[in-house]
Amino acid sequence: MNTNLKISNVTKIYPGCVANDNVSLEFNSGKIYALLGENGAGKSTLVKILSGVIIPDEGEIYLNKNNLKLNSPLDAKKNDIGMVFQHFNLFETLSVFENLIIDSDEQRESLREKIDSIMKKYNFSIDLDIPVLNLSAGQKQKVEIIRCLIRNPKVLIMDEPTSVLTEQETSELFLSLKKFSEEGILIIYITHKLKEVMQLCDEVAVMRRGKLVSVSEIKNENIESLANKMVGQNLKTIKKKKAKTSSDQLIKITNLNFTSEDPFETNLMDINFSVNRGECLGIAGISGNGQSELFQVLSGEIISDKNCIEFNNNYIGDLNPQERREYLMAFSPEDRLEQAAIPQMKIFENVALNNFKSSNFFNNGLINENKIKEHSKKIISDFNVNTDNIELKSQFLSGGNLQKLIIGRELITSPDLLICFNPTWGLDVGAINYIHETLIKINEQNKSIILISTDTDELLKLSDKISVIHKGKLSKIMNAEEVTSEKLGILMGGAN
Amino acid sequence: MIKIVKRDQPSRAIFFFTPVLAIFLTLVAGGLIFFILGFKPFEALKFFFIVPIADKYGFSELLLKATPLCLIAIGLSFCFKSNNWNIGAEGQLTFGAIVSGGVALLFYEQEGFYILPIVILAGAIGGMLYASIPAILKTYFNTNEILVSLMLVYVSKLILDYLVVGPWSNPEGFNFPETRQFSDSAKLPLLFEGLRIHAGIFLALAAVVISWFVFYKTYLGFQMKVSGFSLKTAKYAGYKGKKMIILVFLISGACAGLAGVGEITGPIGQLHREISPDYGFTAIIVAFLGRLHPVGIIFASLVVAITYLGAETAQIFMQIPKYTGQVFQGMILFFLLASDYLLFFKFKFIGSKK
């Protein structure tokens with residue numbers, strides 16, 4: 001039986017932004033559709049409307065010509081629309097089966113039979129009776145998919161499903177999705193990754209700033225044409241010149257271990273590496289493998305043994321972040337809104353968070369507001385932050401501008417080493433390009449970078465050396481030219 | 001048709017308007033309650049809010065009640081602004097009073113200019129010691145400061161009870177549950193002949209000025225502000241988050257302790273069973289009604305102080321229980337929280353569609 005899903009003139013307005021502007025789209029089963037767009041283009045809003053999480057201001061949704069009123073996620077489920085979100089909605093401490101039975105109306109035995117037959121059919125192998133926290137990200141995703149399949153969905157929506165997967169898990173996922181499609185399930189695949197669209201999908205709809213820009217068949221498109229549609233301008237490609245090989249060692253980590261009391265954190269085991277001046281060391285890995293802990297150990301949020309970290313011939317393992325800054329280190333954490341900046345505070349107050357003795361932000365314990373403001377204005381103009389009002393609360397900056405402010409704040413003191421963690425996460429292409437250019441510039445000035453990132457393309461573009469972190473252990477350090485994304489993928493999955 | 005719309009950002013004007021609205025709604029609801037009880041609403045409200053402060057004596061009483069409220073609320077504002085929920089100011093007040101009262105009793109037959117400062121200091125230290133218990137348990141053992149600080153209130157009241165009935169009770173006091181009178185050197189001087197308002201008000205005013213300065217002008221205040229918004233950010237900036245938590249508790253304990261000193265070394269001049277009509281709890285309402293801002297807290301403490309006085313006048317002239325005062329305090333908090341809805345939402349009047 002054919003499934004036809006039609007979105008007709010959907011509009012959703014948030015204060016200060018039109019998330020969906022009169023969007024109309026039609027999908028038919030048998031094909032895999034890509035919904036492509038940058039962060040903030042409106043694709044998440046659109047799928048949330050389809051799954052009943054958000055109610056549109058205007059517009060209708062039709063499934064097989066029936067007008068659907070989706071007022072809650074339950075309505076979507078009842079109408080055979082299944083959705084797998086980017087972030088898993090699973091109870092970590094419950095078993096797989098317990099997670100599946102929670103929102104099912106079936107009896108235990110019949111449900112178990114059903115799950116077994118689904119797993120057999122699609123070649124999934126998951127132990128139903130172990131707690132979810134023991135599963136890999138790929139397996140957790142399969143649990144979410146099974147949860148949808150139990151209800152025999154007509155439509156399956158996948159929101160950025162590969163952001164937590166390895167290359168291998170990704171190709172497994174694609175195989176399953178193709179199989180679902182052959183069986184008549186309508187698949188809508190949301191992503192901003194162009195390569196995946198080309199690999200997987202039959203048709204692609206591109207969104208930009210809340211509007212539907214184009215609908216076309218994949219065979220008429222290529223990566224460049226899609227990228228230009230997505231961004232709306234012709235992108236220049238950034239290439240890093242190969243760094244002069246320097247043997248001047250800047251930072252050296254020796255036998256660093258960290259054992260956490262928190263069961264949801266990762267222990268770091270026997271970390272050893274060094275970075276020379278002018279070099280960028282990339283650390284790849286799937287999120288949750290110890291990146292956050294490694295960042296905190298390097299920044300001084302977690303204090304380690306004094307001798308574990310040697311920076312510029314000083315042993316600094318026992319210093320806190322502020323003290324490390326005095327040795328010319330700078331840090332840009334992953335979480336812009338909860339750690340690197342305080343959204344409710346003004347721009348200039350956020351600048352004062354990077355307090356350097358020589359910057360004289362605070363004299364004799366008093367706030368020197370003029371000095372901070374002067375400094376903030378310089379950052380805003382030097383780093384292209386798109387505002388001229390330093391009294392603005394930083395929550396009103398876009399992600400890209402906030403990240404520019406943070407990087408600017410960290411770099412204006414011209415540190416010898418910048419440690420950054422997912423610096424372009426969730427940013428639009430323009431801002432990503434700007435940040436990448438800035439990072440390359442730092443290396444050209446003979447300063448060093450440690451780049452912890454889950455974005456393999458970014459790492460391959462910017463790093464001179466690359467290592468992979470898996471379950472708190474670092475792989476051996478490789479020269480970036482010898483590395484391919486496939487090789488990284490294998491290491492990220494834990495194989496040698 | 002009226003539609004409720006989310007605001008793009010909380011409105012600053014509304015931020016200061018909602019406390020006024022809350023007070024207005026409290027008056028309306030209070031009038032209604034009096035009406036149901038069979039009183040004339042306007043007359044009753046007049047007895048409650050105007051008669052008590054109509055003369056010089058009444059005004060002095062108002063300041064007398066507002067002083068501890070203001071002092072405690074200023075201290076609490078440090079805690080609340082940094083997301084530390086110290087609700088045990090009543091206990092810190094009591095313990096501060098116990099320590100300073102104990103010191104005052106040591107000097108009971110002596111005179112000297114040095115006694116009063118020592119007594120005041122002892123009260124502040126007592127309050128700090130008592131506040132340090134929930135602070136240290138919170139930072140090093142992850143206990144919940146709300147529970148710990150609240151439960152310690154009852155502990156301190158029982159300690160006070162034991163002391164005034166037992167070891168510290170006045171040997172010539174015919175077994176009344178009270179201590180000896182402190183010597184005049186251990187008492188805060190009264191400001192005017194015949195009125196009860198005493199020098200404690202200067203402690204409160206000093207606290208207002210100092211807290212404003214610390215919070216808005218110093219590096220320490222900046223660190224507290226950051227730690228309050230996000231401990232993760234504080235850690236990343238290199239601030240000592242745990243020390244910051246202990247510090248705000250100590251400040252608020254010291255303020256509550258000083259309020260306790262004012263209660264026992266003012267007009268009363270001795271320790272007895274009931275030194276505070278729940279000032280420590282009421283000050284929580286004052287702190288929020290004053291928007292945790294030093295100047296706002298001054299006004300809020302005056303408004304809430306009236307409910308204490310009004311309850312007494314109402315009891316005398318209208319024969320209704322003085323607990324009506326607590327009803328009014330509860331209503332203020334209730335309407336304040338309710339009208340805070342306007343901070344984030346607004347009403348939009350729209351004509352019928354098309």
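The model is predicted: local features need pLDDT of at least 70, side-chain atom pairs count only at pLDDT 80 or more, and totals for chains, interfaces and linings use all residues. Residues are numbered from 1 along each chain as its sequence is written, chains are lettered from A and ligands numbered from 1 in the order in which they are written, and side-chain values use heavy atoms, with hydrogens and water left out.

Start with strand E1 (residues 4-14) of chain A. It runs antiparallel to strand E4 (residues 58-63) of chain A, and 5 bridges join the two. Helices (H or I, at least four residues) and strands (E, at least two) are DSSP runs, numbered from the N terminus. Two strands pair if DSSP finds at least two bridges between them. Within this pair, A:Lys6 faces A:Tyr62 of E4(A). E4(A) also pairs with strand E5 (residues 66-68) of chain A, again in the antiparallel sense, over 3 bridges. There A:Tyr62 has A:Asn67 as its bridge partner. E4(A) and E5(A) form a hairpin with 2 residues between the strands. A:Asn64 in this hairpin has a positive phi near 50 degrees.

Next comes an open sheet. Its 4 strands follow the order E12-E11-E14-E15 in chain A, with antiparallel pairing. Strand E12 (268-276) and strand E15 (314-315) of chain A are the edges, each pairing on one side only. Strand E14 (residues 309-311) of chain A is joined to E15(A) by 2 bridges. A:Glu310 has A:Tyr315 in E15(A) as its bridge partner.

Now turn to strand E21 (residues 465-470) of chain A. Most of this strand is covered, with 5 of its 6 residues buried. Buried means under 20% relative accessible area, exposed means over 50%, and partly exposed lies in between (1.4 Å probe, protein chains only). E21(A) has several pairings. Strand E13 (residues 280-284) of chain A runs parallel to E21(A), joined by 4 bridges. Here A:Ala284 sits opposite A:Val468. Strand E23 (residues 478-479) of chain A pairs with E21(A) in the antiparallel sense over 2 bridges. E21(A) and E22(A) make a hairpin with 2 residues between them. In its turn, A:Lys471 has a positive phi of about 50 degrees.

Side chains of opposite charge can pair when their charged atoms come close. Over all chains, the structure holds 34 salt bridges (a side-chain nitrogen of Lys or Arg within 4 Å of a carboxyl oxygen of Asp or Glu).

What does A:Asp21 meet in a salt bridge? Its partner is A:Lys211, at 3.6 Å from N to O. A:Asp21 lies in strand E2 (residues 17-28) and A:Lys211 in strand E10 (residues 211-217) of chain A, so the pair ties together parts that are 190 residues apart in sequence. A:Asp21 is partly exposed at 30% relative accessible area. A:Lys211 is partly exposed too, at 46%.

A second salt bridge joins A:Asp80 and A:Lys154, whose closest N and O atoms are 3.1 Å apart. A:Asp80 is in the loop between helix H2 (73-78) and strand E6 (81-84), and A:Lys154 is in the loop between helix H5 (137-149) and strand E7 (155-159) of chain A, so the link spans parts 74 residues apart in sequence. A:Asp80 is partly exposed at 21%, and A:Lys154 is partly exposed at 24%.

Is the pair of A:Glu410 and A:Arg325 buried or exposed? A:Glu410 is buried, with a relative accessible area of 0%. A:Arg325 is buried as well, at 0%. Their side chains meet in a salt bridge of 3.7 Å, N to O. A:Glu410 lies in helix H14 (residues 399-411) and A:Arg325 in helix H10 (residues 321-326) of chain A, so this pair ties together parts 85 residues apart in sequence. Elsewhere, salt bridges that share partners join A:Asp248, A:Arg277, A:Asp416 and A:Lys447 into one network.

A:Glu167, A:Asp455, A:Asp457 and A:Glu486 form a negative patch. Such patches are made of residues with over 30% relative accessible area and no salt bridge; like charges are joined within 9 Å, and nonpolar side chains (Val, Leu, Ile, Met, Phe, Trp, Tyr) within 5 Å. A:Asp455 lies in the loop between strand E20 (448-452) and helix H16 (456-462) of chain A. At 34% relative accessibility, A:Asp455 is partly exposed.

Conventions. Accessible areas come from the Shrake-Rupley method with a 1.4 Å probe; for residues, only the protein chains shown count as cover. Lys and Arg count as positive and Asp and Glu as negative; His and the chain ends are not counted. The place of a charge is taken as NZ of Lys, CZ of Arg, CG of Asp or CD of Glu.
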